[in-house]
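Subject: Structure handover

Hello,

I am passing a structure on to you. Please open it first, then read my notes below.

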Amino acid sequence: METATARQAILDRIRARQRRDARLKPAEHRAAEADIANHLRGPQPALGSDMAQRFAQQAQALQTTLEHVADWAAAPAAVAAYLRTGALPLAAAVWPELGHLPWAEAGLAAQLRRAHDADAVGITACFCAVAETGSLVLASGPRTPASVHLLPQTHVALVPRSRILPTLEDAFALLRAERGAVPRALNIVSGPSRTGDIEQTIVLGAHGPYRVHVVIVDAA
């Protein structure tokens, strides 16, 4: 409530400086919504018909690793195998919304909570993915805390094949259709965190995960 009040206070001050009413009039609101709905998209590339294949190509170019599983129930075993192969801890902070999956049966200690600094592995799903850029779109919420994909050195994302969209414009259109409003945090993740600030030498993991692994869930 405090955040909403503070935000509204800022917007009210801007409108006051513009000598406008504190709230949009109904006609102004309708006009703004109509402009958003009818906005024409600019030129977009031809992406082909297989969005999952295009997403995989782009994600791998960003040093994301990928694999496929048949369904959600198979995902924990795939994640555990990936962690074992990399000699990574079999314990992770996991989005609470993924708590129904058989993590313990796969030998993985899943802690359904937001991540802490000491967590080595974070496991999430995603709001959607973008085939054009190989990016993950993650929307924060009580059951999808942003810290889980930001703090751990290893981020594992479960991506439903049905949620791989062609472009970022499609992602925002879906967000408006399903959520109606932008969440408190909306993060677009394109591979492991990297920086070239020092002598233009690319360093991974500087501001976030050192590695990103995507498990595409085909039957989802």
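Which residue in strand 6 does Ala129 stand opposite? Ala129 faces Leu136 there. Keep in mind that this is a predicted model.

Start with the strands. Strand 5 covers residues 128–130 and is joined to strand 6 by 3 bridges. The two run antiparallel. They form a hairpin, with 4 residues between them. Gly134 sits in that turn and has a positive phi of about 70°.

Strand 6 also pairs with strand 9, residues 186–189. That pairing is antiparallel too, over 4 bridges. Here Leu138 stands opposite Asn187 of strand 9.

Now the largest pocket. It holds about 470 Å³ of space. The lining has 13 residues, and the closest to the centre are His29, Glu33, Ile36, Gly180 and Ala181. Which helix gives the largest share of the lining? Helix 2 does, with 5 residues. Helix 1 (2–17) and helix 2 (26–37) each supply at least two lining residues. By type, the lining divides into 7 nonpolar, 3 polar and 3 charged residues.

Best wishes

Conventions. Residues are numbered from 1 along each chain as its sequence is written. This is a predicted model: local features need pLDDT of at least 70, side-chain atom pairs count only at pLDDT 80 or more; totals for chains, interfaces and linings use all residues. Side-chain values use heavy atoms; hydrogens and water are left out. On a 1 Å grid over the protein atoms alone, a cavity is a set of points where a 1.4 Å probe fits but cannot get out, and a pocket is an open set with protein on both sides within 12 Å along at least five of seven lines; lining residues have an atom within 4 Å of a point. Grid points are joined across faces, edges and corners, and a volume is the space filled by probe spheres set on the points. Ala, Val, Leu, Ile, Met, Phe, Trp, Tyr, Cys and Pro count as nonpolar, Asp, Glu, Lys and Arg as charged, and the others, Gly among them, as polar. Two strands pair if DSSP finds at least two bridges between them.
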